[in-house]
Amino acid sequence: MSSSNEDTEIKATILGRDLGSIPCFRSSFLNGIGGGLASGLTYFLFTSKVRQACNTAVLSFAGITLSYWVYCRYRWSQKKFNMTMLQTAMKEQGREN
C-alpha cells in the first residue's frame, strides 16, 4: 500500500533532475519565499506603493534565496568533507588493529 502512495507523489524536476534531491534547495526557497513576502508586505504597508512593493519582494526573494543557498551549501560541503576525513581515519585505525 505504501508503494502506491509513492507512485502518486508528484516530483518537481528541472532538466531531468529531481529538485527534492538537491541539498539545501527546499530550505533556501522556503526562506526566500517567506522573506520576500514579508519584505514586500512591509514595504507596501509603510508606503502603499504596489509596484515598488512587488519589486522589493522579488529582489528580497532573490537575495535571500541566493544568500541562504550559498551559506547552506558551504556548511553542507564542510560536513561532507569532515565525514570523508572521519571515514578515512576510521579505515586507517581499522588497518592498524
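I will talk about one serine and the cysteines of this structure.

Before that, please keep in mind that this is a predicted model, in which local features need pLDDT of at least 70 and side-chain atom pairs count only at pLDDT 80 or more, while totals for chains, interfaces and linings use all residues. Residues are numbered from 1 along each chain as its sequence is written, and side-chain values use heavy atoms, with hydrogens and water left out.

Let me start with S60, which sits in helix α3, residues 50–96, where helices are DSSP runs of H or I with at least four residues, and strands are runs of E with at least two, numbered from the N terminus. S60 counts as buried because its relative accessible area is 18%, and buried here means under 20%, exposed over 50% and partly exposed in between, with a 1.4 Å probe and protein chains only. Its contacts (heavy atoms within 4.5 Å) are with G35, G36 and S39, leaving aside residues up to four places away in sequence. With S39, the side chain of S60 also makes a polar contact of 2.9 Å.

Turning to the cysteines, the structure holds one disulfide, a term that requires a pair of cysteine sulfur atoms within 2.5 Å. The partners are C24 and C72, with their sulfur atoms 2.0 Å apart. C24 lies in the loop between β2 (17–18) and α2 (25–47) and C72 in helix α3, so the pair ties together parts that are 48 residues apart in sequence. The link is left-handed, at -75 degrees about the S-S bond, and both C24 and C72 are buried. C54, by contrast, is partly exposed, at 45% relative accessibility.

Methods:
A polar contact is a pair of N or O atoms within 3.5 Å; within protein, one must be able to donate a hydrogen and the other to accept it, and residues adjacent in sequence count only if both atoms are side-chain atoms.
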